[in-house]
Amino acid sequence: MITFRRFLGTFLCGILLLSLLAGCNGKETDRNRTAIAVTEEEAFTEVTIGDMTCTLNTHTGMITRIRSSRQTVDLGGLLIDVGYAGKMVMGQVGYQLYDDYETWELPTLMLKLKELPEYTLDSIYRTDSGLEVRMTVDTLTVAYVYTFMDDALKLTARLSTSEEDTQLINGVAFLARGIDMDKDSSTFEYPGSTPGGVYAFSDNIKYRTTPTDYSSPVTCLSQSEPACSLNVLFLDEQEKWSTSAYFDENDKLGVANLAAVEGYLEPGGEMVVGDLYIQLVGDQDKYAAVQDFYAELGYANPDDPVSDGPMYEGFPYGTMDTDYQNPHTLQEYAEQLDGLREMGIKNVWLLPIFSSTNNNVYEPIDQSVIDPKYGGSEGAKAFIDRAHELGMRVLFDYVPHGPRPDQPLAQEHPDWISKKKDGSIQIEWECVSFDYNNPGYYQYTVDLVKNQALELGVDGARIDCSMGGLSNWTPVEGLRASSSGLYGGQSIVRAITEGFEQGGKNALIMPENFHPVPFYAGITDVFYDMPLFRMMYNLNHSGATETEYAQELMRWLDAEGKTSVKGQVKLRFLGNHDTVTWTFDAARPQEVYGTEKAKALWCVMSFIDGIPFLYQGDEDPETYGLPGENLESFFQEIFRAREEFLPADYTTDYVASNTPVFAFTRTGDGDRKLVLVNLSSGEQTFEIGEGENTLLFENGVTVSGGTAALAPYSAAIIQK
């Protein structure tokens, strides 16, 4: 049961017809919408479109059952809570302002154990594609727009106000409440995100949230008795959001998504927010169902993605964790390209080489100017030309957030800068926060990249801060303040891609977008897989045994792959310029893991699907005065094995076992390779099956019959 109070006006003869526009006889006034009559006696009505049937409580306006041929789910209802007039109108989550939030922060999801307030159920319509239910609290009207899909129900919010003045919207929550699954045998997880475990509801207390670290689009609910699964997806292309699963006082399950929506709702206008999807999975593969659903929604990778070869992040002045104490010009740094190519590197990502303030490379003054101390444009051209001679690509690291406010680019283009509510400029990292949606800044970026592609031959981009910037309270017409978030992030990626296209380049595009959302897929060649790094960081500090470590890492990767847009390529790293300096362990992989385990994990990163990555100095720490072994020959060996035996388009399937052996197959064109990596400090054996088992690569593995013997931290590629 849902606790509610409703006020629908005066009852006449025990019968009400919702929507006066439909008239007393309930006739349709729009050929695409039919008003549904509400009677005191009949509180429920069923609506069927295609294979989807929903039961609607016409007294509360809530859908209480979703049914297809695959599954039936009973629930308390789907609820939309909106920050309006200084509070959340339904009182189900805590109200908060986002004025002081940084771009990487997600809204804080605070569930409230409160009865619903008084609300008016204005109308219920059946439409060609589903239902539209309109509810009013005070002067805010929320239209619940339901779309019936094959095995999924979609919910979109349309907000309007009866006030004569502009109203502030601050946060919009979508809650799937009272899901009737057995709490004691049910689990929840956020595949492809963190926290990365599978969590038992029974280990929580009521209304306790386990929020995600990223804007996670998928929450998987699974019940063991009887076995079934349900996926709750939330996809908001405008702004970031928080996600959490919980259970209520009746031991019913729930999923809450709180979007950091900020904007003004104009009288007579409308604000659209969404979308929430309830995907019926039943006994199907819950992960694969997500990937299929993304394809149904039209999410796909670029038609001709550029995503081959290992990647190396470097800089002519040395490494960030040694404070750039090894200065070279780009002409001089080009001399190191031969060694990188011999090692197997195909892509070189240069940290920002533009003129910058205070020697902070991520505070560019003008990205059209290559800093003379690095050799200027001549140096960049010489470096790129040499890379091309060796068959390598060069990526620039673009930093679109903007310069310090006293710099010419900011002074000359104040309209590009996002503004606070009071009209003052938005500042982050001591720099202005440009609105990536601004047409002038978009065109500036296109021209910048086009010129560098034409004049210097740049081959691609790593795009810093590509999850968007701070909210802009003077937004581009048609957008809201918070559209400068994820929507703006996509805009700047498109601008950079367009610049390369106009410069005649089929570029490698790699946004610094950590959120595992599908709508970046079509504009991303390589996904910056920070969720994997963070998952491994959490594992490192979890106290897991060696067996638990290997098996959980495989389980997480399997879930990530199956719940990504099909074929999405990911960057696989054990560290980068951020993680070795100021965040997480702030240390190199050899220091974090020890050299031998780090090498084993680099084998994992190199042999699974995706692109392996090294940060400058990983191959030879001594060059930069860092501790650790020279691993140049090791990387040359594993990158050569990857190139020769594991084509990029081969699928990856993980082989679970109760051992510390990380095992998987790579399969394609009738060919099958078994890859084994021992993630333990002890010797291990692994049953690989009888038949012809040929060792293609090994560094401490022997095969006898159907058994592989693995030395500590060893690895092998076996032809099956």
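User: Which helix gives the most to the lining of the second largest cavity?
Analyst: This is a predicted model. Two helices, helix 8 (530-540) and helix 10 (589-593), each supply at least two residues of that lining. With four residues, the top contributor is helix 8.

User: Which residues are closest to the centre of the second largest cavity?
Analyst: The second largest cavity holds about 90 Å³. Its lining comprises 13 residues. By class, nine are nonpolar, two polar and two charged. Closest to the centre are Phe533, Leu574, Asp585, Val592 and Tyr593.

User: How many cavities of 30 Å³ or more are there, by this rule?
Analyst: A cavity here is a set of grid points where a 1.4 Å probe fits but cannot get out. With the volume cut-off at 30 Å³ or more, the count is eight.

User: What is the volume of the largest cavity?
Analyst: The largest cavity is lined by 15 residues, and those closest to its centre are Pro516, Val517, Thr563, Ser564 and Gln568. The lining splits into nine nonpolar, four polar and two charged residues. The space inside is about 120 Å³.

User: Is helix 1 roughly parallel or roughly antiparallel to helix 9?
Analyst: Helix 1 covers residues 286-297 and helix 9 covers residues 546-562. Their axes lie 7 Å apart, at an angle of about 25°. Angles under 35 degrees count as roughly parallel. So helix 1 and helix 9 are roughly parallel.

User: Which residues in helix 9 meet helix 1?
Analyst: From helix 1, the contact uses Tyr287, Ala288 and Gln291. The residues of this contact divide into three nonpolar, two polar and three charged. On the helix 9 side they are Arg555, Asp558, Ala559, Gly561 and Lys562.

User: Which residue in strand 6 stands opposite Thr48?
Analyst: Strand 5 and strand 6 (residues 52-57) run antiparallel. Six bridges join them. Opposite Thr48 stands Thr53.

User: Why is one side of strand 38 and of strand 40 left without a neighbour in the sheet?
Analyst: The sheet is open, with three strands in the order 38-41-40 and antiparallel pairing. Strand 38 (684-687) and strand 40 (701-704) stand at its edges, so each has a single partner strand. Neighbouring strands are turned by 20° against each other on average, direction ignored.

User: What is the bridge partner of Val701 in strand 41?
Analyst: Strand 40 and strand 41 (residues 707-710) run antiparallel. Four bridges join the two strands. For Val701, the partner is Leu710.

User: Which residues does Lys346 touch, not counting those up to four places away in sequence?
Analyst: Lys346 sits in the loop between helix 3 (337-343) and strand 24 (347-350). Contact means heavy atoms within 4.5 Å. Beyond the sequence neighbours, Lys346 touches Asp308, Gly309, Pro310, Arg341, Gly391, Met392 and Arg393.

User: What separates the C-alpha atoms of Lys346 and Thr659?
Analyst: Along the chain, Lys346 and Thr659 are 313 residues apart.

Key: Residues are numbered from 1 along each chain as its sequence is written. This is a predicted model: local features need pLDDT of at least 70, side-chain atom pairs count only at pLDDT 80 or more; totals for chains, interfaces and linings use all residues. Side-chain values use heavy atoms; hydrogens and water are left out. Axes are lines fitted to C-alpha atoms, for helices over the stretch in contact, and angles run from 0 to 180 degrees between N-to-C directions. Angles under 35 degrees count as roughly parallel, over 145 as roughly antiparallel, 65 to 115 as roughly perpendicular and the rest as oblique. Ala, Val, Leu, Ile, Met, Phe, Trp, Tyr, Cys and Pro count as nonpolar, Asp, Glu, Lys and Arg as charged, and the others, Gly among them, as polar. On a 1 Å grid over the protein atoms alone, a cavity is a set of points where a 1.4 Å probe fits but cannot get out, and a pocket is an open set with protein on both sides within 12 Å along at least five of seven lines; lining residues have an atom within 4 Å of a point. Grid points are joined across faces, edges and corners, and a volume is the space filled by probe spheres set on the points. Two strands pair if DSSP finds at least two bridges between them.
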